[in-house]
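Welcome, and let's take a walk through this structure together. Please have the sequence and the 3D view open as you read.

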Amino acid sequence: MPTPAEIKTALRDAGVEIYRTRGDVVHIAERVRENLLMDSGIFVEAHGPKVGFVVRAQRTDFPGVPDDQLFERARKYGAAALPRGFRESGSALREVQDPGDAERTIDTWCEVQFEKAVDSIEGAISEIRFALTLDRSSAPQ
């Protein structure tokens, strides 16, 4: 089983940008929007090892839609990964707080996590590259 430091080195050597490491989980950096803000919805966990990603439906995009329907919308985004061996590993409702006022919720995200076991760092890199191609956040059509 590779260590987080070994995973980070291999990812950097493959041109993958690291967002952060928490324990034995290395989070992949993603540039979002034109202002170059970074986010991370893809990760490699050394224990396992496995690759995972999170998809979400945001309540502000679909006002009045019940949570169960938002979770189903998010699951549809992750469905493209099922034929590759990814499986749903959990779901959560996440409230997004106003950075200037912790008492104020500015959005609620219905998130679904998908994971896949990998047998090598090369396999992890391949799955990360795949996950980076997925649209993982819903938007109204």
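The predicted structure holds 3 aromatic pairs; rings of Phe, Tyr and Trp (its six-membered ring) are paired if their centres lie within 6.5 Å, and planes under 30 degrees apart count as stacked, over 60 as edge-to-face and the rest as tilted. Take Phe 53 and Phe 114: their rings are stacked, 5.5 Å centre to centre with 15° between the planes. Phe 53 lies in strand 4 and Phe 114 in strand 6 (residues 101–117), so this pair ties together parts that are 61 residues apart in sequence. Helices (H or I, at least four residues) and strands (E, at least two) are DSSP runs, numbered from the N terminus.

Ring pairs link Phe 53, Phe 86, Phe 114 and Phe 130 into a cluster.

Charges meet rings here as well. Arg 84 lies over the face of Phe 130, at 4.2 Å from the ring centre, and Arg 56 lies over the face of Trp 109, at 3.7 Å from the ring centre. A charge sits over a ring if NZ of Lys or CZ of Arg is within 6 Å of the ring centre and within 35 degrees of the ring normal.

A word on how to read all this. Residues are numbered from 1 along each chain as its sequence is written, and side-chain values use heavy atoms, with hydrogens and water left out. Because this is a predicted model, local features need pLDDT of at least 70 and side-chain atom pairs count only at pLDDT 80 or more, while totals for chains, interfaces and linings use all residues. The mean pLDDT (the predictor's confidence in each residue, from 0 to 100) is 89 for the protein, and 91% of its residues reach 70 or more. Among the elements, strand 3 (residues 37–45) has the lowest mean pLDDT, 80, and strand 4 (residues 50–58) the highest, 95.

Now to the helices. In helix 1 (residues 4–13), the buried residues are Ile 7, Ala 10 and Leu 11. They cover an arc of only 100° around the axis, which puts them on the same side of helix 1; the arc is that of the directions from the helix axis to the C-beta atoms. The face turned away from that buried side carries the exposed residues Ala 5 and Asp 13. Just after helix 1, Gly 15 takes a positive phi of about 85°. In helix 3, the buried residues include Phe 130, a member of the ring cluster.

How many salt bridges does the structure hold? There are 9, each a side-chain nitrogen of Lys or Arg within 4 Å of a carboxyl oxygen of Asp or Glu. In one of them, Arg 75 and Glu 72 meet at 3.0 Å, N to O; both lie in helix 2 (residues 67–78), 3 residues apart, about one turn of the helix. Another joins Arg 94 to Glu 111, with the closest N and O atoms 2.6 Å apart. Arg 94 lies in strand 5 (residues 87–98) and Glu 111 in strand 6, so the pair ties together parts that are 17 residues apart in sequence. Arg 94 is partly exposed at 40%, whereas Glu 111 is buried at 11% relative accessibility.

How values were computed
Buried means under 20% relative accessible area, exposed over 50%, partly exposed in between (1.4 Å probe, protein chains only).
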